[in-house]
Amino acid sequence: MARRLTKKCLETASSSSAAARLLSRLRFSTASAAAAAKEPPTLPPFDYEPRPYNGPLADEVLRKRKQFLGPSIFHYYQKPINIVEGKMQYLFDDSGRRYLDAIAGVVTVSCGHCHPDVLNAVIEQSKLLQHATTIYLHHAIADFAEALASKMPGNLKVVYFVNSGTEANELAMLMARLYTGNLGMISLRNAYHGGSAGTLGLTALSTWKYSIPQGEVHHVLNPDPYRGVFGSDVHQYAKDVQDHIDYGTSGKVAGFIAETFQGAGGAVELAPGYLKLVYDIVRKVGGVCIADEVQSGFGRIGSHYWGFQTQDVIPDIVTMAKGIGNGLPLGAVVTTPEIASVLAKKIQFNTFGGNPVCSAGGHTVLKVLDKEKRQQHSAEVGSHLIERLRTLQEKHDIIGDVRGRGLMVGVELVTDRANKVPAKAEAAVLLESLKDLGVLVGKGGLHGNVFRVKPPMCFTKDDADFLVDAFDYAISKL
């Protein structure tokens, strides 16, 4: 019946505006009926049974959070889920329901939840010695530093261990200022480099910033190929950096910091060739160049081990965290011996940085990523995922951009492709819908309209297919 009506409308549409309107309504009705008839996708099989859970349920946990934790702590979903167990790329709630974790604890779980090798390393070290600071010798921190340094190019051979990405960026900024004798820092708009009083100055997203002194930081134009004012013209963006130095500083700066793949900003990959131009500008005025690899490091992007390698540069300082510990509170700063020496002029000490348990776990993470060839895996699965998402983009106008590499992917939602109007409300609805279907993704970008797909690096092609099918199904229900 629908086919006969469609044919009739097509025959008369050219001569009748009323028929054209009828055809439009019929197409919408047919598409809606097809969407309604479509069955929701199901999670891929997974041979694992979560343990029976007898602890407090979601309502009680939420009540305690509201009573005893700070009000700035937020949660996803109108009815937040109570996650009680994890295994590789999956999470389980208090009812035993399984979810595909497509955000990896905010890009932190690299090897997989409760990876047996990492668990074993942490447990065995905890049985022997949980904590001893660097005022004593212990092989775990030295072994870990040696392994991490072997992953770095050039003369990046000196490691400082800390507890988080924020702390790593604080230390990197301190190094830059001490080494150069200059104060001013340059960072990109749309950047996120931490939430401490110091790193908030480097961060350039108003949603994260408080009204406090910014600490001599200049925020330059973001070389965003999708939303940037110059598209992918890196020479125009580099000129903006030079202009900031010429007009906004004494002519000297301490350093420049950038994520090659912006995380909280919505998985934005900097325009190709940008860092090479800017590193040259910054070094000519006495500054050092810092690469923030907190989210993009350790092979997640597939094509390279470090994000900065996609731009064919070698930084002076590299910061990292999150995936380095697979969930352990661990971060690091790697730099050259010359820059590292400036910290020896005073007492520099970190109580927990590189403690035996975190060092044993972090070292094992490096081994697992190599043994299981997770960089290559991320490249292969990520290419499949991005290809499928771009095919979905052709079907749904709400998908304005699909970007990223490997398993660091962003899907930007817009209400108007021409004007790139952020689809904030629609993104909120889809986030809930995906959760109901069993998919947990992250949100990013200034307007929260970018879905961040950055799963544990054991994420499979079957998982990718399920995620895209769930996304398709959820959009069809809008």
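Trainee: Is Ala267 buried or exposed?

Mentor: Buried means under 20% relative accessible area, exposed over 50%, and partly exposed in between, with a 1.4 Å probe and protein chains only. Ala267 has 1% relative accessibility, so it counts as buried. This is a predicted model, in which local features need pLDDT of at least 70 and side-chain atom pairs count only at pLDDT 80 or more, while totals for chains, interfaces and linings use all residues. Residues are numbered from 1 along each chain as its sequence is written, and side-chain values use heavy atoms, with hydrogens and water left out.

Trainee: Where does Ala267 lie?

Mentor: Helices (H or I, at least four residues) and strands (E, at least two) are DSSP runs, numbered from the N terminus. Ala267 is in the loop between strand E8 (261-262) and strand E9 (268-269). Its phi is near 55°, a positive value in a residue other than glycine.

Trainee: What is the phi of Lys373, and where is Lys373 placed?

Mentor: Lys373 has a positive phi of about 55°, although it is not a glycine. The residue sits in the loop between helix H12 (356-371) and helix H13 (374-395). Lys373 is exposed, with a relative accessible area of 55%.

Trainee: Which residues are in contact with His115, leaving aside its neighbours within four places in sequence?

Mentor: Contact means heavy atoms within 4.5 Å. With those neighbours left aside, His115 is in contact with Met88, Asn326, Val368 and Glu372. His115 belongs to the loop between helix H4 (104-107) and helix H5 (116-128), and is buried at a relative accessible area of 3%. Val118 lies in helix H5 and is buried too, with 7%. Leaving aside neighbours within four places, Val118 is in contact with Cys111, Asn326, Gly361, Thr364, Val365 and Val368.

Trainee: How many residues apart in sequence are Val118 and Lys367?

Mentor: They are 249 residues apart in sequence and 9.4 Å apart in space, C-alpha to C-alpha. Another such pair is Leu91 and Leu440, 349 residues apart along the chain, with C-alpha atoms separated by 9.2 Å. Leu91 is in strand E2 (residues 90-93) and is buried, with a relative accessible area of 11%.

Trainee: How many residues has the largest nonpolar core?

Mentor: In soluble globular proteins, nonpolar side chains tend to be buried together. A nonpolar core is a set of buried Ala, Val, Leu, Ile, Met, Phe, Trp, Tyr and Cys residues joined through side-chain atoms within 4.5 Å. The largest here has 55 residues, and those with the most contacts inside it are Leu148, Phe256, Tyr274, Phe298 and Met320. Apart from it lies another core, of 40 residues, among them Ile386, Val411, Leu413 and Ala474.

Trainee: At what angle do the axes of H14 and H15 cross?

Mentor: Two packed helices are described by the angle between their axes and the distance between the axes. Axes are lines fitted to C-alpha atoms, for helices over the stretch in contact, and angles run from 0 to 180 degrees between N-to-C directions. The axes of H14 (residues 424-437) and H15 (residues 461-476) come within 9 Å and cross at roughly 125°. That makes H14 oblique to H15; angles under 35 degrees count as roughly parallel, over 145 as roughly antiparallel, 65 to 115 as roughly perpendicular and the rest as oblique.

Trainee: Which residues of H14 meet H15?

Mentor: Leu430, Ser433, Leu434 and Leu437 in H14 do, and their partners in H15 are Phe466, Ala470, Phe471, Tyr473, Ala474 and Ile475.
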